[in-house]
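Colleague: Hi! Could you walk me through this one before I set anything up?

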Amino acid sequence: MRTVEVRLKSTIDNSYPVRIGERLRSTAKRIMREHPASGYFVITDSNVRRIYGAQFLRGINSRATPSHIIVVPAGERSKSRSMKNRIEDKLLAVRADRDALIIALGGGMIGDLAGFVASTLHRGIRYVHIPTTLLSQVDSSVGGKVAVNHPGGKNLIGAFYQPEGVYIDPSTIHTLREDDFTGGLSEVVKYGSVLDSSLFALLERKKEHIMRRDPSLLAAIIRRCCELKSRVVQKDEKESSYRRILNFGHTLGHAVESASGYRISHGQAVAIGMCLEARIAEGLGMLSSRALMRLMELLWSFDLPTELPGSISPGEIVRRTRQDKKFRNGSVRYTLMGKIGTGIIDVPLSEKEVLRIIGL
């Protein structure tokens with residue numbers, strides 16, 4: 001097992017470990033040992049409950065300490081204010097107190113939702129995340145961004161609230177559907193695109209092994225992404241500046257996701273967003289055509305989309321960015337690629353400028 005430490009400067013109490021390489025049954029025992037609580041409250045979705053629920057609960061059941069599981073329907077639509085209310089009602093009904101521990105067992109949707117519940121219940125109780133998708137293992141489980149969606153846009157209501165620990169079992173990747181697996185690879189490509197050219201080159205060299213889900217290679221990739229995310233968060237915990245480098249592909253990607261009614265998954269939407277935003281960088285003379293082509297070829301090799309579907313227009317996508325948290329004074333601040341492995345944050349662009357480049 002490998003551990004990546006997230007050491008936050010704001011307060012030492014916010015620091016936590018990301019443990020990579022332990023099986024779920026062992027993780028349950030470790031959580032009880034490292035995070036003693038008055039009760040353990042597992043929040044998961046229907047898919048994860050079916051695959052891992054019994055296995056995990058066998059490890060956490062204890063006569064001495066109560067444990068409960070709360071299951072929500074799988075899918076991004078569950079990441080809503082109404083679902084948060086329902087979970088809070090259930091937690092209060094089973095007497096989850098201020099010394100309780102919430103365990104988010106699932107992917108990014110569950111981590112965001114359960115973490116947001118933890119941030120507000122009794123004005124904040126502890127939680128840990130056991131991410132079960134590649135996307136959540138390499139990205140969303142680290143950094144403490146928790147939120148629910150709003151009809152006007154994605155993640156508009158939330159908080160920064162750090163977990164007490166993250167526990168990653170890479171073997172869960174092998175139960176993912178192909179589109180869920182490749183969707184997670186889009187976040188890996190993001191890290192290589194704006195933070196680590198060596199990682200990008202590794203993805204290009206080893207793409208066949210990655211698509212075969214080579215266990216040791218994927219474990220190494222997960223660890224590298226967690227290291228990169230940890231460094232960014234340690235520099236800028238609450239996204240006041242540098243952390244916005246991780247927004248590459250997400251400004252337009254979130255717009256694509258919401259415009260599709262969440263029928264396009266987060267990972268697929270981010271892949272489209274990265275290509276659109278890289279095209280913007282090329283159109284502004286910031287990115288070479290060769291670098292843009294390398295990005296698109298890598299996404300193609302991972303069976304990820306690189307163009308908007310015909311049912312969604314560029315104009316609709318750009319209009320939806322008005323609801324983005326980065327919208328200021330008539331423009332949106334984008335994170336763009338300067339070259340492979342280097343990102344440029346806070347590039348202000350008007351709707352007219354964006355449409356001029358991507359509205360073909």
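**Helix H1 and what covers it**

Modeller: Helices (H or I, at least four residues) and strands (E, at least two) are DSSP runs, numbered from the N terminus. This is a predicted model, with local features needing pLDDT of at least 70 and side-chain atom pairs counting only at pLDDT 80 or more, while totals for chains, interfaces and linings use all residues. Residues are numbered from 1 along each chain as its sequence is written, and side-chain values use heavy atoms, with hydrogens and water left out.

Colleague: Thanks. Which residues in H1 are buried?

Modeller: Leu 24, Thr 27, Ala 28, Arg 30, Ile 31 and Met 32. Buried means under 20% relative accessible area, exposed over 50%, and partly exposed in between (1.4 Å probe, protein chains only).

Colleague: What does Thr 27 touch?

Modeller: Leaving out residues up to four places away in sequence, Thr 27 touches Glu 22, Ile 130 and Tyr 167; contact means heavy atoms within 4.5 Å. Thr 27 counts as buried because its relative accessible area is 1%.

Colleague: OK, new topic. How many salt bridges does a search of the whole structure find?

Modeller: The search gives 25, a salt bridge being a side-chain nitrogen of Lys or Arg within 4 Å of a carboxyl oxygen of Asp or Glu. One of them joins the side chains of Asp 169 and Arg 23, at 4.0 Å from N to O. This pair links distant parts of the chain, 146 residues apart: Asp 169 sits in the loop between strand E9 (166-168) and H6, and Arg 23 in the loop between strand E2 (16-20) and helix H1 (24-34).

Colleague: Are those two buried or exposed?

Modeller: One of each. Asp 169 is buried, since its relative accessible area is 4%, whereas Arg 23 has 54% and so is exposed.

Colleague: And where do Glu 257 and Lys 154 lie?

Modeller: Their side chains meet in a salt bridge at 3.1 Å, N to O. Glu 257 is in helix H10 (residues 250-259) and Lys 154 in strand E8 (residues 153-160), so this pair ties together parts 103 residues apart in sequence. Both count as buried: Glu 257 has a relative accessible area of 1%, and Lys 154 has 7%.

Colleague: Nice. Why does Lys 190 count as buried?

Modeller: Because its relative accessibility is 1%. Lys 190 is in helix H6 (residues 178-194), and its side chain makes polar contacts with the side chains of Asp 139 (3.0 Å) and Glu 187 (2.9 Å). A polar contact is a pair of N or O atoms within 3.5 Å; within protein, one must be able to donate a hydrogen and the other to accept it, and residues adjacent in sequence count only if both atoms are side-chain atoms.

Colleague: Which ring does Lys 190 lie over?

Modeller: The ring of Tyr 191, at 4.8 Å from the ring centre. Lys 84 likewise lies over the face of Phe 116, at 4.7 Å. The test is NZ of Lys or CZ of Arg within 6 Å of the ring centre and within 35 degrees of the ring normal.

Colleague: Last one: which residues touch the most other members in the largest nonpolar core?

Modeller: Out of 75 residues, they are Val 18, Phe 181, Val 189, Leu 203, Ile 210, Leu 295 and Phe 302. Such a core is a set of buried Ala, Val, Leu, Ile, Met, Phe, Trp, Tyr and Cys residues joined through side-chain atoms within 4.5 Å. Helix H11 (residues 266-283) gives the most to this core, with 10 residues. Apart from that core lies another, of 23 residues, including Met 109, Phe 116, Val 117 and Leu 121.
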